[in-house]
Amino acid sequence: MSDEKPAEQIRTRIWLEEPEPDNPFATRAAYCHGYDVYGAMLGQARWVEMLYLLFRGDAPTPAQSELLEAVAVALANPGPRDPSVHAAMCGGVGGSTAAASLIAALAVGAGQLSGGRELLLSMEAWHSCGMDLDAWQRRMTAPGDDTASIWPTPEHPPGFDPHGVTTTTIVKQTIACLAAMSTGPRLPWLEENLSSLEAAAGCPLAMSGVAAAAFSDLGFSPEQGEMLFLLLRLPGAAAHALEQWKYGHKKFPFFKIELESDSEEVK
Amino acid sequence: MNGPELLQQHADCLKSRMGGCFPGERAVFRGHDLHVELKDMDWVELYVFGITGRRFTREQLRLMHAIWVYTSYPDARIWNNRVAALAGSARSTGTLGVAAALAVSEASIYGRGIDIKAVEFIITTRKELDNGAELADCVQKELKKHRGIAGFGRPLASGDERIAPIMALARSLGLDQGPHLRLAFTVNEFLLSGRWRLGMNFGAIAAALGADLGLSTREYYLFVFPAFLAGMPPCFIESAQQPEGTLFPLSCGHILYEGAQKRAWNPSQSKP
């Protein structure tokens with residue numbers, strides 16, 4: 001086989017692979033941002049350290065690892081009422097492929113209501129407003145962006161629950177836990193100013209809003225936060241999809257239907 | 001009504017104007033019995049009826065077919081098609097590969113992300129011109145807002161081989177004189193006469209034709225969803241027929257590493 005440099009190459013700052021001497025397509029050693037993954041990290045590094053390293057390019061501090069681990073636990077299972085998990089269960093109950101169930105969870109959980117897009121928009125708000133309450137209030141009352149996009153026009157302030165009444169206990173518990181572990185200023189500020197922010201938003205904070213503050217404190221960009229949010233919510237979707245396959249379709253809701261018009265006029 | 005009351009009102013029941021399935025009896029599609037009233041529709045006609053609730057002429061449907069036909073390239077190098085092909089090579093399923101390839105087609109620099117901006121620009125600009133605006137101002141505003149105009153300019157290439165055949169067909173069908181299509185050509189002339197070097201591509205033409213067919217921005221966005229679809233199964237099939245793992249195999253030498261130097265993992269950073 002030729003040792004010539006290939007004509008086409010993929011550029012990366014993340015990953016270096018060294019080949020086995022007998023096979024350029026087989027890996028002898030892999031380095032993630034300079035760290036020997038299988039020779040040094042394996043058995044030593046935690047999953048969240050690897051996660052942080054992949055996105056941020058440097059190993060996290062112990063405090064950052066603890067915070068990311070706590071966020072990952074908080075997000076791991078949105079529960080079967082969540083639309084993304086519901087979608088995954090629709091895959092699982094019919095015996096769709098594992099990937100299809102996860103794709104369903106990702107697609108439904110990508111949106112602007114408790115999804116990845118909401119997380120991104122919420123992080124953009126954190127990056128823009130920081131800890132300036134007036135800036136938050138101005139942003140929430142400003143007219144929305146009317147640029148045509150594959151995404152629909154936002155219908156509520158990102159990171160808040162448009163159907164909520166008061167801050168849920170689990171959101172309060174998550175804020176309290178994460179704020180106490182915080183590696184940045186946003187989580188403590190969020191805890192302190194929660195009522196003012198919710199008054200400006202006109203609805204209570206959602207879990208996505210807490211995650212957005214945590215990811216911002218961890219130094220992630222909105223785009224990185226969106227990816228992490230999608231990723232970290234998949235375990236619950238996967239488990240619930242598998243569970244519904246075991247239960248069987250006769251125990252899964254099909255719901256009744258009411259046709260509002262049985263003879264829509266053809267225009 | 002809002003909050004939990006609103007959610008409660010919608011619990012356990014689907015209220016739909018779109019349709020429903022009554023197993024063993026009938027299927028209702030936008031108020032019509034699918035197997036009686038709509039049984040003779042061709043697939044594109046049904047698809048567009050599902051999006052709009054409207055019926056289209058034979059000529060209009062012919063044009064819609066062509067918009068899809070002319071954008072289906074079975075070239076596995078193209079990023080979205082490559083996903084379908086990689087699925088075949090990695091011995092995944094055809095549905096997963098093609099579904100992922102279609103999802104990938106909702107991209108920022110091509111596909112659905114451009115389509116929706118292109119049709120929005122052409123519809124909005126036409127309205128603004130009708131209200132007395134100047135074309136130069138509309139173009140400048142769009143360029144300032146997006147640093148480009150969707151449907152004008154094309155990654156990887158300059159000319160667009162799809163324009164001549166779609167325009168020839170539109171002419172033969174008598175569908176080449178719509179106001180949005182004429183506007184697209186006017187914008188093209190304006191841009192080419194300036195310093196922008198943004199030649200019109202198929203995205204602008206198709207968007208203008210769609211707008212002239214009466215499709216709204218959101219209707220057009222959904223209409224073009226399968227635009228690249230027909231090119232994807234061939235990519236999947238061919239790679240699935242080749243020895244596994246042989247589509248664009250990457251050796252370690254294919255990876256050009258530009259990151260941090262090798263460094264020691266600090267045990268103090270790790271879990272005790």
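Let me begin with one pair of side chains: B:Lys262 forms a salt bridge with A:Glu18, and their closest N and O atoms are 2.4 Å apart, a salt bridge being a side-chain nitrogen of Lys or Arg within 4 Å of a carboxyl oxygen of Asp or Glu. Please keep in mind that this is a predicted model, in which local features need pLDDT of at least 70 and side-chain atom pairs count only at pLDDT 80 or more, while totals for chains, interfaces and linings use all residues. Residues are numbered from 1 along each chain as its sequence is written, chains are lettered from A in the order in which they are written, and side-chain values use heavy atoms, with hydrogens and water left out.

Between chain A and chain B the count is three salt bridges. On the side of chain A that touches chain B, strand E2 (15-20) gives the most, with five residues; helices and strands here are DSSP runs, of at least four residues (H or I) and at least two (E) respectively, numbered from the N terminus. By class, that side of chain A has 30 nonpolar, twelve polar and 15 charged residues, where Ala, Val, Leu, Ile, Met, Phe, Trp, Tyr, Cys and Pro count as nonpolar, Asp, Glu, Lys and Arg as charged, and the others, Gly among them, as polar.

Taken as a whole, 57 residues of chain A are in contact with 55 residues of chain B, contact meaning heavy atoms within 4.5 Å.

How do the strands pair? E5(A) and strand E1 (residues 13-16) of chain B pair in the parallel sense over four bridges, pairing requiring that DSSP finds at least two bridges between two strands, and in E1(B) the bridge partner of A:Lys256 is B:Cys13. Within chain A, E2(A) and E3(A) pair in the antiparallel sense over six bridges, and these two strands form a hairpin with two residues between them.

Let me turn to helix H10 of chain A, residues 207-217. Ten of its eleven residues are buried, so H10(A) is largely enclosed by the rest of the structure; buried means under 20% relative accessible area, with a 1.4 Å probe and protein chains only. Among the buried residues of H10(A) are A:Val210, A:Phe215 and A:Asp217, and what covers the buried residues includes helix H3 (62-75), helix H6 (116-129) and helix H11 (222-232) of chain A. After H10(A) comes A:Gly219, whose phi is positive, near 90 degrees.

Technical notes. Buried means under 20% relative accessible area, exposed over 50%, partly exposed in between (1.4 Å probe, protein chains only).
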